[in-house]
Amino acid sequence: MFFYELHEGDDEVYSDVLVVSESEWEPQEFFDLVQRVRHEVQDAFEHDTLIESIASILERDYGFIFVSDDRLIAAVNVSKQEADNFLAELENDEEDDDDDDDAEDDGGEPRGDYRSIYADLEPDVDRLN
């Protein structure tokens, strides 16, 4: 098995996905393939992100396996603190349809998928006075 990673974003905010192939691709060959697929999908995403759309096409058309969250069987939270070690719940699509990802009945803590945006803003001092 050979593992390849796709990144999207900049140095401070980014996401990534893994794809797996039974065949080894030279790095430049893999890059060229990703660029061809990117040109095909960049204006019409099938998924939330460009890299997820690329990974899906790599799986569908080129025999890669897109290692996505919906393929997870188990997730374990690991910590040096004993109380912070636990088997995490995995949400399936049926649960996702019923949830609006707002506060749950478990103490009001939000759950679900989140995306974050980092913005480095400099206030307009003249405007504040």
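Contact here means heavy atoms within 4.5 Å. The model is predicted, so local features need pLDDT of at least 70 and side-chain atom pairs count only at pLDDT 80 or more, while totals for chains, interfaces and linings use all residues. Residues are numbered from 1 along each chain as its sequence is written, and side-chain values use heavy atoms, with hydrogens and water left out.

**View 1. Who does phenylalanine 30 touch?** Leaving aside residues up to four places away in sequence, phenylalanine 30 touches Tyr4, Glu5, Leu6, Val19, Trp25, Leu58 and Phe64. Both phenylalanine 30 and phenylalanine 64 are buried, and buried means under 20% relative accessible area (exposed is over 50%, partly exposed in between, with a 1.4 Å probe and protein chains only).

**View 2. Tyr4, Trp25, Phe30 and Phe64 come together as one aromatic cluster.** Rings of Phe, Tyr and Trp (its six-membered ring) pair if their centres lie within 6.5 Å; planes under 30 degrees apart are stacked, over 60 edge-to-face, and the rest tilted. By this rule there are 4 aromatic pairs. One of them joins tryptophan 25 and phenylalanine 64: it is tilted, with 5.4 Å centre to centre and 35° between the planes. Tryptophan 25 sits in the loop between β2 (14-21) and α1 (27-41), and phenylalanine 64 in the loop between α2 (50-62) and β3 (65-67), so this pair ties together parts 39 residues apart in sequence. Helices (H or I, at least four residues) and strands (E, at least two) are DSSP runs, numbered from the N terminus.

**View 3. Phenylalanine 30 meets phenylalanine 64.** Their ring centres are 5.7 Å apart and their planes are at 50°, so the pair is tilted. This pair also links distant parts of the chain: phenylalanine 30 is in helix α1, phenylalanine 64 is in the loop between α2 and β3, and they are 34 residues apart.

**View 4. Here is the largest nonpolar core, with 18 residues.** Such a core is a set of buried Ala, Val, Leu, Ile, Met, Phe, Trp, Tyr and Cys residues joined through side-chain atoms within 4.5 Å. Leu6, Val19, Phe30, Ile54, Leu58 and Phe64 touch the most other members.

**View 5. Three strands make an open sheet in the order β1-β2-β3, with antiparallel pairing.** Two strands pair if DSSP finds at least two bridges between them. The edge strands, β1 and β3, each pair on one side only. Between β1 and β2 there are 8 bridges, and phenylalanine 3 has valine 20 in β2 as its bridge partner.
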